[in-house]
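Subject: Structure handover

Hello,

Here is the structure I said I would pass on. My notes follow below it.

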Amino acid sequence: MVSKILPLLCLEKLPKPQLHALPSSEIKRHSSVTFRCQSEVQNVTFMLGKLQDSGYRREQNTGRQDAEFLLVNLDSEDAGQYFCAYRTTVSQEWSEESDHLQLTVTDDRGGRGPPPAKTDTKAIFVAAFSCLSLLLLFFAIFFIYRCSQDGSAPEESPQRTIHPKQEAAGLCKLERISESNEDPLGVTYAQLNTNALSEAASVPAEDPPEAHDYATLKV
């Protein structure tokens, strides 16, 4: 029977198969789904494809008129439109694609899971906002610290720093004070000694009283 049908299939276009999703085409995240592809011919190779991904293809040869494709741990990126096709061992051409079956992946609350791109964008936004908040906090602390340092600097500066010109002027004043406070005794004694000698030379010498008495008695 099959040997008679296969030559006819080589001449005619293969009819399109049927695709079903078990238990349902709406599945929760991290759960599983089974795609069943059915044809009217046995001993064929089945293929499962995805409309949004041209590189997605899974093949299976069961020797029956149907094949089951199991998808596990589904996520939002697994959602999309799926289809199946088959080919015989005699003809290497694929049959017409089945009707597209929409697979929907929902989150735990029953809503559709957000696309990965939106989730990544939200995470990036939260991370950038956190970094910006930390940076503003750092600048605020640094500004408060500098203001406190500037407020205390004028009180400490007169005690710690002395201008070089003021220091030189102070040294000159100290030298002048030391010169004015020198002991003037050396100059005074010299002047006193000179005056005493000049007065002694101007006064005539007097004879002692014993000498005059002795001369008078002798005559």
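Is Asp99 buried or exposed in this model? Asp99 counts as exposed, because its relative accessibility is 52% and the cut-off for exposed is over 50%. Please keep in mind that this is a predicted model.

Salt bridges

The structure holds 4 salt bridges, and I describe some of them here. In one of them, the side chain of Asp99 meets that of Lys16, with 2.8 Å from N to O. This pair links distant parts of the chain, 83 residues apart. Asp99 sits in the loop between S7 and strand S8 (101-106), while Lys16 sits in the loop between helix H1 (2-11) and S1. Lys16 has 40% relative accessibility, so it counts as partly exposed.

Another salt bridge is formed by Asp75 and Arg29, whose closest N and O atoms are 3.2 Å apart. Asp75 lies in the loop between strand S6 (66-71) and S7, and Arg29 in the loop between S2 and S3, so this pair ties together parts that are 46 residues apart in sequence. Both residues are partly exposed: Asp75 has 23% relative accessibility, and Arg29 has a relative accessible area of 29%.

Asp66 and Arg64 form a further salt bridge, and here the closest N and O atoms are 3.2 Å apart. Arg64 is partly exposed, with a relative accessible area of 44%.

As background, side chains of opposite charge can pair when their charged atoms come close.

Cysteines

How many disulfides does the structure hold? It holds 1 disulfide, which joins Cys37 to Cys84 with an S to S distance of 2.1 Å. The two cysteines are 47 residues apart and belong to distant parts of the chain: Cys37 is in strand S3 (residues 33-38), and Cys84 is in strand S7 (residues 80-88). The torsion about the S-S bond of Cys37 and Cys84 is about 75 degrees, so the disulfide is right-handed. Cys37 and Cys84 are both buried.

Cys131 counts as exposed, because its relative accessibility is 54%. Cys147 counts as partly exposed, at 39% relative accessibility.

Backbone

Which residues does a cis peptide bond join? The bond lies between Leu22 and Pro23, and its omega is about 5 degrees. Pro23 is placed in the loop between strand S1 (18-22) and strand S2 (26-28).

His30, a residue other than glycine, has a positive phi near 65 degrees. His30 is found in the loop between S2 and S3, which is also where Arg29 lies. The relative accessible area of His30 is 53%, so this residue is exposed.

Asn43 is not a glycine either, yet its phi is positive at about 55 degrees. Its place is the loop between S3 and strand S4 (44-50). Asn43 is partly exposed, with a relative accessible area of 41%.

Regards

Definitions and conventions:
Residues numbered from 1 in each chain as written. Predicted model: local features only at pLDDT ≥ 70, side-chain atom pairs only at ≥ 80, totals over all residues. Heavy atoms only, no water. Disulfide = S-S within 2.5 Å. Helix = DSSP H or I, 4+ residues; strand = E, 2+ residues; numbered from the N terminus. Buried < 20%, exposed > 50% of the residue type's maximum accessible area, 1.4 Å probe, protein only.
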